[in-house]
Amino acid sequence: MPGEIVHFDISVDDVDKAVDFYKDVMGWKLEKYGGEGGREGMGEMVYWMVIPNPDDEKAVRGGIGQKQMPQQTGLNYYNAEGGLEAFNMRVKDKGGTVMMEKMPIPGMGWFSVCMDPEGNPFGGWVTDMEAK
Amino acid sequence: MPGEIYNFEIYADDVDKLVAFYGDVMGWRIQKYEGEGMMEEMQYMAVNPDPSKEEGVVWGGILKKSMPQQSTLNYYQAEGGLEAFNKRVIDKGGKVMMEKMAVPGFGWFSVCIDPENNPFAGWVDDKNAK
């Protein structure tokens with residue numbers, strides 16, 4: 001459904017510490033995707049997939065990843081109605097900013113990173129198994 | 001399910017402006033929330049991304065900032081109740097910024113930060129909360 005939250009990201013300097021923290025506090029199941037020992041094709045950035053409900057394929061997942069910029073905080077990704085190009089255009093038309101244009105997560109989909117008119121970050125998401 | 005996201009909140013200086021922005025960009029249905037115990041100055045607008053579903057969809061909110069540094073906040077189902085949740089937060093090097101508070105008729109929440117100061121909240125469903 002367009003507009004539904006599909007994913008949340010938490011960005012930190014010390015990923016191992018944050019993984020340890022959230023695993024205990026939330027009871028999350030985590031799998032390493034990015035970085036050394038992660039999944040193939042997921043890149044160098046240290047990234048752990050958060051799977052709060054392993055029994056439900058459709059449950060919202062999250063991630064704990066290495067900060068790429070000091071000011072980075074967490075952000076949520078929402079299903080982008082009409083595709084990312086249309087989504088990004090609406091963001092700009094309404095006074096927001098597109099920080100990162102369409103990027104693939106291989107085998108999963110495409111995302112963009114935006115800011116609303118007050119500087120709050122959020123992401124657009126389109127599911128696509130063929131993304132690469 | 002413990003650890004699942006329950007609600008997301010986006011904080012604004014100008015609530016009307018962000019309601020207009022997200023309504024257009026996301027296609028969200030956004031309505032003023034005037035539940036019991038809700039303070040008028042919060043200007044809380046409830047976000048329902050899928051009006052066709054009563055359950056199984058994560059809701060959100062757009063509301064007035066009460067501190068300048070507020071941005072977005074996610075609420076997660078707290079395993080074992082909020083007292084246990086808050087204790088785990090403190091034991092693991094995080095902080096509890098706001099102890100257990102009621103959302104009348106819905107449940108209880110607490111607001112915390114992780115060891116790197118990222119905010120998040122714990123949530124427990126309770127229709128009798130007040």
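1. In the hairpin formed by β7(A) and β8(A), five residues lie between the strands, and A:Gly119 adopts a positive phi near 90°. Strands here are DSSP runs of E of at least two residues and helices are runs of H or I of at least four residues, both numbered from the N terminus. The model is predicted, so that local features need pLDDT of at least 70 and side-chain atom pairs count only at pLDDT 80 or more, while totals for chains, interfaces and linings use all residues. Residues are numbered from 1 along each chain as its sequence is written, and chains are lettered from A and ligands numbered from 1 in the order in which they are written.

2. Strand β7(A) runs antiparallel to β8 (residues 121–127) of chain A, and seven bridges join the two. Two strands count as paired if DSSP finds at least two bridges between them. Within this pair, A:Cys114 is opposite A:Phe122 of β8(A).

3. β7(A), residues 109–115, also pairs with β6(A), in the antiparallel sense and over six bridges. A:Thr97 has A:Met115 of β7(A) as its bridge partner. The hairpin of β6(A) and β7(A) has three residues between the strands, and A:Gly107 there takes a positive phi near 80°.

4. These strands belong to an open, eight-stranded sheet of chain A with mixed pairing and the order β2-β3-β4-β1-β5-β8-β7-β6. β2 (29–34) and β6 (97–105) of chain A are at the edges with a single partner strand each, so one side of each has no neighbour in the sheet. From one strand to the next, the twist averages 25°.

5. Helix α1 (residues 15–26) of chain A lies across β1 (5–12), β2, β3 (47–51) and β4 (61–66) of that chain, at about 150° to β4(A). Axes are lines fitted to C-alpha atoms, for helices over the stretch in contact, with angles from 0 to 180 degrees between N-to-C directions.

6. The contact between the chains takes 36 residues from chain B and 37 residues from chain A; residues are in contact if their C-beta atoms, placed from the backbone, lie within 7 Å. On the side of chain B that touches chain A, the elements giving two or more residues are β1 (5–12), α1 (15–26), β5 (72–77) and α2 (82–91) of chain B. α1(B) gives the most, with six residues.

Key:
Contact = placed C-beta atoms within 7 Å.
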